[in-house]
Amino acid sequence: MRYQSTRGTVNGLSFREAVLMGLADDGGLLLPETLPRLSSGDLESLYRLDYPELAFQIISPFVDDIPAADLSRLVDRSYARFTHPDVTPLVHRDGVYILELFHGPTLAFKDVALQFLGNLFEYLLEKSGQTMNIIGATSGDTGSAAIHGVRGKKNINIFILHPQGKVSPVQELQMTTVTDDNVFNLAVEGTFDDAQAIVKEIFGDVAFKNRLNLGAINSINWARVLAQVVYYFYAFGRLRRETGCEKAYFSVPTGNFGDIFAGYIARSMGLPIHKLILATNENNILSRFVEKGDYSMGSVVSTLSPSMDIQVASNFERYLFFLLQRDPEAVTKAMEDFKRDGRLHFSPEQIARVQEDFLAQSVDREQTLATIRDFHTNTGYVLDPHSAVGVHAGRSRSGGEYPVVCLATAHPAKFKEAVVQAIGREPQRPESLRGLEQRTRRCQKLPADTAAIREFIEQNAC
């Protein structure tokens with residue numbers, strides 16, 4: 001399997017090279033040159049596997065330069081720290097199926113990919129004798145999951161940027177209370193989009209990137225997306241065994257387009273997803289794109305679901321590559337236009353194609369709170385606000401002819417303030433969060449300035 005950039009001048013990479021490069025050197029995002037297509041027989045055999053076995057089978061076709069036995073051990077190690085035997089269990093509540101993606105070390109869906117990516121980085125660096133400095137921006141959950149994926153690992157330093165005061169208190173503590181010598185938390189005086197733009201600008205300096213051997217742990221890294229593809233297959237397999245369904249809807253709360261793009265890849269590989277339902281909060285650039293073809297930047301609004309408080313979706317370029325018929329010149333022009341004008345334009349034919357793949361809905365504050373409250377009243381089950389956005393959109397946009405799987409992306413205890421507003425009490429706090437406020441913290445506050453961030457990284461690189 002070879003990998004190419006969405007912008008065309010980087011191609012023919014191996015899996016190892018793609019993982020270590022992260023963002024392509026031409027500024028694009030890396031994708032496999034082809035996608036494996038699974039037959040109905042292939043799918044039926046996959047549905048019977050447990051999670052680590054399934055992950056190995058889904059990931060293997062994309063990885064031809066790591067011995068199978070080594071890859072299998074990496075996968076097994078990555079899911080050994082999850083607290084549920086199913087890793088990502090599927091539960092039926094109040095007419096919808098909830099895919100619980102929060103049983104990892106930091107209680108968020110990002111753990112599913114970042115435990116794997118952290119182990120993968122360590123393996124590749126040990127084989128090559130290299131060191132790596134990982135840089136990432138987070139709107140909340142990516143940062144803590146990334147840190148916990150690589151904390152204490154050899155030959156790796158990690159620098160995570162988060163928007164100061166714009167992540168939940170628990171999310172901030174999960175990052176800043178990790179004081180391993182190889183972990184650096186940077187609170188940026190700006191928005192997540194500011195932090196993400198800084199990271200992309202730093203990666204765009206290819207000489208600097210190569211000199212410090214920078215690595216990407218955001219979903220701009222293909223391995224992140226690949227690991228997330230697995231749980232779509234796992235959820236549908238469990239759903240099919242329970243209901244005998246031929247197809248399903250998947251409702252995905254998303255801000256950066258990475259989680260739902262993993263579903264798009266699963267569907268492209270043959271998984272019978274009827275529609276992917278794209279659920280956003282008031283920061284609705286993605287839902288406007290699906291519903292109206294309006295991909296234009298607005299101002300970031302603070303919401304109850306801060307991990308989705310994003311206007312520039314970093315993974316959107318991967319989908320754009322497919323939408324523009326895999327034409328790297330067209331993608332490059334489109335991204336240059338967006339950088340200049342803050343908007344993209346699409347033909348009626350292109351919008352129609354988007355709507356064949358996706359449904360979408362923007363869910364506001366009152367709808368989010370009402371969903372948490374009503375779902376709890378009817379079932380006793382507590383949703384976090386991001387998952388509530390997905391449940392509301394899933395119920396509103398599905399047609400009823402197929403079951404609906406709603407991705408629960410975080411444990412409700414990570415967003416207790418929203419839960420208290422909705423149901424009048426705090427959610428039960430898992431063991432991993434107890435005593436979090438009393439732990440030692442370490443964090444550096446810096447301006448939203450590329451030069452300042454770059455200087456800090458250079459001074460503390462391994």
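Analyst: In this predicted model, the lining of the second largest pocket is made up of eleven nonpolar, seven polar and three charged residues. That pocket holds about 320 Å³ of space. It is lined by 21 residues, and those closest to its centre are K166, V167, T303, P306 and D309. Helix α18, residues 416-423, supplies the largest share of this lining, with three residues.

The largest pocket has a volume of about 710 Å³. Its lining counts 22 residues, of which R7, A197, K200, M335 and K339 lie closest to the centre. Sorted by class, the lining of the largest pocket contains ten nonpolar, four polar and eight charged residues. Three helices each contribute at least two residues to it: α8 (192-204), α13 (316-323) and α14 (328-341). Helix α8 gives the most, seven residues.

As for the helix packing, two packed helices are described by the angle between their axes and the distance between those axes. Helix α10 (residues 222-243) packs against helix α11 (residues 258-268) at an angle of about 65°, and the axes are 8 Å apart. The crossing of α10 and α11 is right-handed. On the α10 side the contact is made by W222, V225, Q228, V229, Y231, Y232 and F233, and on the α11 side by D259, I260, F261, A262, G263, I265 and A266. By class, the residues of this contact between α10 and α11 are eleven nonpolar, two polar and one charged.

How values were computed. Residues are numbered from 1 along each chain as its sequence is written. This is a predicted model: local features need pLDDT of at least 70, side-chain atom pairs count only at pLDDT 80 or more; totals for chains, interfaces and linings use all residues. Side-chain values use heavy atoms; hydrogens and water are left out. Axes are lines fitted to C-alpha atoms, for helices over the stretch in contact, and angles run from 0 to 180 degrees between N-to-C directions. Helices (H or I, at least four residues) and strands (E, at least two) are DSSP runs, numbered from the N terminus. A crossing is left-handed if the near helix is turned anticlockwise from the far one by less than a right angle, and right-handed if clockwise. Contact means heavy atoms within 4.5 Å. Ala, Val, Leu, Ile, Met, Phe, Trp, Tyr, Cys and Pro count as nonpolar, Asp, Glu, Lys and Arg as charged, and the others, Gly among them, as polar. On a 1 Å grid over the protein atoms alone, a cavity is a set of points where a 1.4 Å probe fits but cannot get out, and a pocket is an open set with protein on both sides within 12 Å along at least five of seven lines; lining residues have an atom within 4 Å of a point. Grid points are joined across faces, edges and corners, and a volume is the space filled by probe spheres set on the points.
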